[in-house]
Amino acid sequence: MGSGGGFDVPEVDAFTRPYWDAAAEGRLLIRNCSACARVHHYPREFCPHCWSEDVSWRPASGRATLYTWSVVHRNDLPPFGERVPYVAAVVDLAEGPRMMTEVVGCEEAALRIGMKLEVAFRAGVPVFRPVSRPGV
């Protein structure tokens with residue numbers, strides 16, 4: 001992904017391949033620690049809470065709430081220059097971890113801290129949008 005022209009996608013390696021393969025299929029994965037039972041994101045080969053290496057991938061619900069955001073009006077790096085303005089955001093995943101991402105499908109004026117979001121995928125990259133189904 002990364003070297004194939006997708007400047008906004010990190011290089012895929014043997015460790016992160018399951019994450020990116022799942023994202024390409026429209027599924028969000030997070031890491032789960034068997035030792036302390038906590039989840040974390042971004043993916044690491046050890047638990048940042050207890051340092052155990054007994055971690056594995058697990059499906060995330062795809063639900064999140066908006067923690068904070070910034071509207072980017074200028075970015076000269078490809079492919080971001082073609083997307084301005086865009087909403088760079090931090091969301092709280094329903095499972096607990098925070099995740100840096102982008103919010104799509106929402107006018108800037110409608111953004112609210114705590115708003116309910118759901119995962120969507122753009123070219124195999126997880127982004128978030130306002131929930132499309134009531135009660136989610």
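Is F46 buried, partly exposed or exposed at 29% relative accessibility? F46 counts as partly exposed. The scale runs as follows: buried is under 20% relative accessible area, exposed is over 50%, and partly exposed lies in between, with a 1.4 Å probe and protein chains only.

1. Basis. This is a predicted model, in which local features need pLDDT of at least 70, side-chain atom pairs count only at pLDDT 80 or more, and totals for chains, interfaces and linings use all residues. Residues are numbered from 1 along each chain as its sequence is written, and side-chain values use heavy atoms, with hydrogens and water left out.

2. F46 and W51. F46 sits in the loop between β2 (39-40) and β3. Helices (H or I, at least four residues) and strands (E, at least two) are DSSP runs, numbered from the N terminus. W51 is found in the loop between β2 and β3. W51 is exposed, at 63% relative accessible area. From F46 to V125 the separation is 79 residues in sequence and 23 Å in space, C-alpha to C-alpha.

3. Aromatic pairs. The structure holds 4 of them. Rings of Phe, Tyr and Trp (its six-membered ring) pair if their centres lie within 6.5 Å; planes under 30 degrees apart count as stacked, over 60 as edge-to-face and the rest as tilted. One of the pairs is Y19 with W57, which is tilted: 6.1 Å centre to centre and 35 degrees between the planes. Y19 lies in helix α1 and W57 in strand β3 (residues 55-59), so this pair ties together parts that are 38 residues apart in sequence. Y19 counts as buried at 6% relative accessibility. W57 counts as partly exposed at 22%. F46 and W51 also pair, and their rings are stacked, with centres 5.1 Å apart and 5 degrees between the planes.

4. Ring cluster. Which residues do ring pairs link into a cluster? They are F15, Y19, W20 and W57.

5. Salt bridges. The count is 5. The rule asks for a side-chain nitrogen of Lys or Arg within 4 Å of a carboxyl oxygen of Asp or Glu. R129 and E118 meet in one of them, at 3.0 Å, N to O. That pair links distant parts of the chain: R129 is in strand β8 (residues 125-130) and E118 in strand β7 (residues 116-122), 11 residues apart. R129 is partly exposed, with a relative accessible area of 35%, whereas E118 counts as buried at 5%.

6. Further salt bridges. D92 bridges to R98, with the closest N and O atoms 2.6 Å apart. R98 counts as partly exposed at 42% relative accessibility. R74 bridges to D76, and here the closest N and O atoms are 3.3 Å apart. Both R74 and D76 are exposed.

7. Negative patch. E11, D13, E45 and E53 form a negative surface patch. Patch members have over 30% relative accessible area and no salt bridge; like charges are joined within 9 Å, and nonpolar side chains (Val, Leu, Ile, Met, Phe, Trp, Tyr) within 5 Å. Areas come from the Shrake-Rupley method with a 1.4 Å probe, and for residues only the protein chains shown count as cover. Lys and Arg count as positive, Asp and Glu as negative; His and the chain ends are not counted. A charge is placed at NZ of Lys, CZ of Arg, CG of Asp or CD of Glu. E11 lies in the segment before α1 (17-24). E11 is exposed, at 53% relative accessible area.

8. Cis peptide bonds. Most residues other than glycine have a negative phi, and most peptide bonds are trans. The bond from H41 to Y42 is cis, with omega near 20 degrees. Y42 lies in the loop between β2 and β3. Another cis bond joins V84 and P85, with omega about -10 degrees. P85 is in the loop between β4 (63-72) and β5 (86-93). P85 counts as exposed at 54% relative accessibility. P85 and P126 are 41 residues apart in sequence and 18 Å apart in space, C-alpha to C-alpha.

9. Positive phi. W51 is not a glycine, yet has a positive phi of about 70 degrees. A123 is not a glycine either, and has a positive phi of about 50 degrees. A123 is found in the loop between β7 and β8. A123 is exposed, with a relative accessible area of 73%.
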